[in-house]
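Reader: I would like to learn how to read charged pairs, a helix and a nonpolar core in a protein model. Where should I start?

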Amino acid sequence: MHEYWLYGSRVESDTALCNSAWPAPELQWNEITGVRLSRACSIPGIELRYGMVFQSCHGRQLSLHCEHPLDANCPGCIREFRVEDVVTFQWCSGSGEVQYACAETDEPTLLGFWFNHIFLPIYLALEEDFDFMHGSAVDIAGSAALFIAPSTGGKSTLAQYFVERGHALLADDKLCVRRHGRRWYGVPAHPHLRDWREFEVLGTPVEHYTDSALLLGAIYALEQAPPDDTVHIGEVSGFDRLEYLIPQHLYDFLPFRQRRLQRVAALAAGMPLLRLSRPWDLMRLDEVYRVVCETQVARSHATWSNEDPVVRLQLSA
């Protein structure tokens with residue numbers, strides 16, 4: 001069996017999901033969310049009466065099918081996640097066991113992409129009630145900086161710039177955020193940076209990757225400015241905070257919508273949300289880098305004093 005650590009969860013798989021190695025976590029938690037992935041000769045034909053179709057992704061149609069109406073508290077319910085012409089994942093809710101059957105191709109890298117990048121976050125959102133933000137995140141002085149923006153908004157470009165300067169990556173596209181008491185933490189995803197946007201490619205393995213959940217220091221909403229403008233960071237206040245965060249909170253399943261809005265409201269109330277206006281000019285990324293570092297360090301010192309920002313808590317709580 002192959003073992004990986006993804007989104008704060010221990011994953012065992014009967015096939016390699018990637019060519020690069022995941023680091024084992026430095027911290028040992030009392031309880032770890034566990035997922036066991038195994039190949040099925042064929043997916044049992046069970047009547048799944050309820051389902052939903054997702055927006056097309058990487059040129060594939062995605063759909064979720066359930067034996068009963070979608071509900072977070074439905075142990076024993078059979079669920080399937082289907083990736084058109086690639087793979088079907090099937091599991092019994094609450095079991096932690098996931099079976100998969102490949103369709104046209106048996107390419108491990110293709111399976112690894114769809115499991116790591118797409119299926120597992122959806123599975124954890126449904127089964128473990130995890131929250132995911134659409135954004136990239138890096139470690140700055142021991143705290144997580146989360147960059148959010150619509151697609152093609154520069155999140156990966158900025159994350160890559162930080163990683164190239166020795167900062168550890170937490171996530172390139174989806175950050176798992178967990179609340180503990182009044183604090184929010186960013187949980188590492190997987191050690192790959194999608195520094196190009198080729199379909200169905202997990203990305204480039206990175207050397208600098210954190211294996212610890214970090215206190216979320218600030219969320220930076222990226223905004224484009226003219227090439228000759230200055231780099232500016234300003235506080236987002238009031239209801240504007242929700243308008244920035246709600247579109248970037250992933251997996252808007254209708255039965256969980258009220259809870260989702262409550263979570264986003266709590267995140268908006270408890271986290272610094274900063275508008276990062278930066279020139280749309282790659283030659284000026286160093287200015288953006290320095291301003292973000294100075295802001296993150298200043299806020300970290302003001303917030304934590306002598307407290308250790310590395311989380312030591314039960315991630316599956």
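Predicted model: local features only at pLDDT ≥ 70, side-chain atom pairs only at ≥ 80, totals over all residues.

Reader: Which parts of the chain does the pair of Arg 60 and Glu 200 link?

Author: Start with the distance: the side chains of Arg 60 and Glu 200 form a salt bridge at 2.9 Å, N to O. Arg 60 lies in the loop between β4 (50–53) and β5 (62–66), while Glu 200 lies in the loop between β14 (192–193) and β15 (204–205). The two are 140 residues apart, so the pair links distant parts of the chain.

Reader: Are Arg 60 and Glu 200 buried or exposed?

Author: Buried means under 20% relative accessible area. Both Arg 60 and Glu 200 are buried.

Reader: What separates Arg 290 and Asp 286 in helix α5?

Author: About one helical turn, because they sit four residues apart in helix α5 (residues 285–304). Elsewhere, salt bridges with shared partners join Glu 3, Arg 10, Glu 12 and Arg 36 into one network.

Reader: How many residues does helix α4 have, and what does it reach from first C-alpha to last?

Author: A helix is expected to span 1.5 Å times one less than its number of residues. Helix α4 (residues 257–270) has 14 residues and reaches 20 Å, close to the 20 Å expected.

Reader: Which residues of α4 are buried, and what do they pack against?

Author: The buried ones are Arg 260, Val 264, Ala 266, Leu 267 and Ala 268. These buried residues pack against several elements, among them β9 (131–140), β16 (214–225) and α3 (240–245).

Reader: Which residues touch the most other members of the largest nonpolar core?

Author: A core is a set of buried nonpolar residues joined through side-chain atoms. In the largest one, of 69 residues, Phe 81, Phe 89 and Phe 115 touch the most other members. Helix α1 (residues 108–127) gives the most to this core, with 13 residues. The contacts of Phe 81 include Phe 54, Leu 62, Trp 91 and Ile 118. A second, separate core has 25 residues, including Leu 158, Tyr 209, Val 231 and Tyr 289.

Notes: Residues numbered from 1 in each chain as written. Heavy atoms only, no water. Salt bridge = Lys/Arg side-chain N within 4 Å of Asp/Glu carboxyl O. Buried < 20%, exposed > 50% of the residue type's maximum accessible area, 1.4 Å probe, protein only. Contact = heavy atoms within 4.5 Å. Core = buried A, V, L, I, M, F, W, Y, C linked by side-chain atoms within 4.5 Å. Lists of a residue's contacts leave out its neighbours within four places in sequence.
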